[in-house]
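Welcome! Please have a look at the display below before reading on.

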Amino acid sequence: MKHRVRVTVAAAAGLALLAGCGLTSGSPMVDDVSPGSIGKGEPLKGADLVVTSKEFTEQLVLGAIMGIAFQAAGADVIDRTGIQGSVGAREAIKSGDADAMYEYTGTAWITYLGNSDPITDPQKQWQAVKDADARNGITWLPPAPLNNTYALAMNQANFKKYGTKTLSEVAALAKSDPKAVTVCVESEFANRADGLRGMEKTYGMSIPASNITQMDSGIIYTQVQKGSCTFGEVYTTDGRIRSMNLQVMEDDKHFFPNYNAAPEINSKAFEKYPKMADVLDPISKKLTNAVAQDLNAKVDVDGDDPHQVALDWMVKEGFVKEGGD
């Protein structure tokens with residue numbers, strides 16, 4: 001499954017603005033930050049590092065978080081975030097045009113490394129990616145709990161009505177009350193073996209075609225919130241889950257691939273500046289789905305700037321301080 005690429009109206013407007021500032025070729029990050037709980041002693045002083053990301057909201061925030069962390073640790077940072085598509089950012093790391101980014105383990109395993117079967121255990125999935133990518137000149141640092149994968153969600157009214165908490169319970173509901181299980185999904189998800197078809201097979205579901213409505217990802221959230229469909233395909237770190245108070249079904253048989261975010265670093269850059277690991281590890285540990293939902297919502301729902309959202313979070317968590325010591 002290729003990881004999804006999403007750009008909200010707010011993010012797209014921001015990207016247009018950034019492109020106008022020449023950021024597509026890289027601009028210096030100029031945050032006035034100093035070490036907080038990370039970067040003490042400025043272990044990256046003298047380093048010139050290029051940070052990149054893909055162009056959707058979560059990636060823009062993660063790229064900013066990484067760049068702010070490196071600045072606090074003493075590095076001069078070039079911002080090359082917002083590269084269109086997964087492959088462009090990946091190739092920038094591989095070639096050395098960029099030094100570091102947050103990437104997703106499932107994307108690397110399936111899209112870049114060409115495997116068809118995901119690994120169920122998230123830590124083993126990361127380890128397999130780490131081992132395989134070492135041959136590509138890419139070093140993976142420990143992953144965050146943040147897992148941006150597929151899920152089904154429902155609104156609170158339907159949750160109170162049906163009470164399903166897991167996909168196994170959704171499957172049971174589909175058998176006992178077939179009319180109750182209507183789903184809104186993207187066309188890609190509806191037709192992929194690692195999407196709706198595979199989910200049905202794994203959980204023993206049989207959802208009639210008349211109960212499945214295909215639509216754009218953004219519309220799914222509003223339709224689920226309104227109750228037009230009982231269940232909708234969502235991404236587990238999307239900010240709209242929290243803003244719309246949707247109930248996410250647990251993937252209790254671990255069907256969907258793990259898409260844990262983890263720092264992906266050009267190996268030559270890491271050999272030169274191994275302290276990048278010490279700087280990023282505490283941050284990665286704090287990046288959960290709940291945190292990602294909150295940060296993404298500030299951009300997608302509230303219309304805030306992704307970089308400012310990242311900076312505010314880094315300061316709030318005590319990772320960095322604004323201004324001098």
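Which residues line the largest cavity? Glu58, Val61, Leu62, Leu146, Leu287, Ala292, Leu295 and Asn296 do. This is a predicted model, in which local features need pLDDT of at least 70, side-chain atom pairs count only at pLDDT 80 or more, and totals for chains, interfaces and linings use all residues. Residues are numbered from 1 along each chain as its sequence is written, and side-chain values use heavy atoms, leaving out hydrogens and water.

**The cavity**

- A cavity is a set of points on a 1 Å grid over the protein atoms alone where a 1.4 Å probe fits but cannot get out, and its lining residues have an atom within 4 Å of a point.
- Grid points are joined across faces, edges and corners, and a volume is the space filled by probe spheres set on the points.
- By this rule there is one cavity of 30 Å³ or more, and the largest cavity holds about 40 Å³ of space.
- Helix H2 and helix H14 (289-300) are the elements that give two or more residues to the lining of the largest cavity.

**Helix H2**

- Helices (H or I, at least four residues) and strands (E, at least two) are DSSP runs, numbered from the N terminus.
- H2 covers residues 57-72, and its 16 residues reach 23 Å from first C-alpha to last.
- That is close to the 22 Å expected at 1.5 Å a residue, where the expected span is 1.5 Å times one less than the number of residues.
- H2 is mostly covered, with 16 of its 16 residues buried (buried means under 20% relative accessible area, exposed over 50%, and partly exposed in between, with a 1.4 Å probe and protein chains only).
- Just after H2, Gly74 has a positive phi of about 105°.

**The nonpolar cores**

- A nonpolar core is a set of buried Ala, Val, Leu, Ile, Met, Phe, Trp, Tyr and Cys residues joined through side-chain atoms within 4.5 Å.
- The largest one has 65 residues, and Leu44, Ile65, Phe70, Ile283, Leu287 and Met314 have the most contacts inside it.
- H2 supplies the largest share of this core, nine residues.
- A second, separate core of 37 residues includes Phe189, Met205, Tyr221 and Met249.
- Contact means heavy atoms within 4.5 Å, and Met314 touches Ile38, Ile65, Ile68, Ala69, Ile283, Phe319 and Val320, not counting residues up to four places away in sequence.

- Two strands pair if DSSP finds at least two bridges between them.
- S7 pairs with strand S10 (residues 231-235) in the antiparallel sense over four bridges, and Tyr235 in S10 is the bridge partner of Tyr150.
- S7 also pairs with strand S11 (residues 247-248) in the antiparallel sense, over two bridges, and there Met154 stands opposite Gln247.

- Thr237 lies in the loop between S10 and helix H11 (239-243), and Thr237 counts as buried because its relative accessibility is 0%.
- Leaving aside neighbours within four places in sequence, Thr237 is in contact with residues including Glu58, Leu146, Ala292 and Asn296.
- Tyr162 lies in helix H6 (residues 156-162), and Tyr162 counts as partly exposed because its relative accessibility is 24%.
- Not counting residues up to four places away in sequence, Tyr162 touches Met154, Leu173, Asp177, Ala180 and Thr230.

Note on methods:
1 Å grid on protein atoms, 1.4 Å probe; cavity = no way out; pocket = protein on both sides within 12 Å on 5 of 7 lines; lining within 4 Å.
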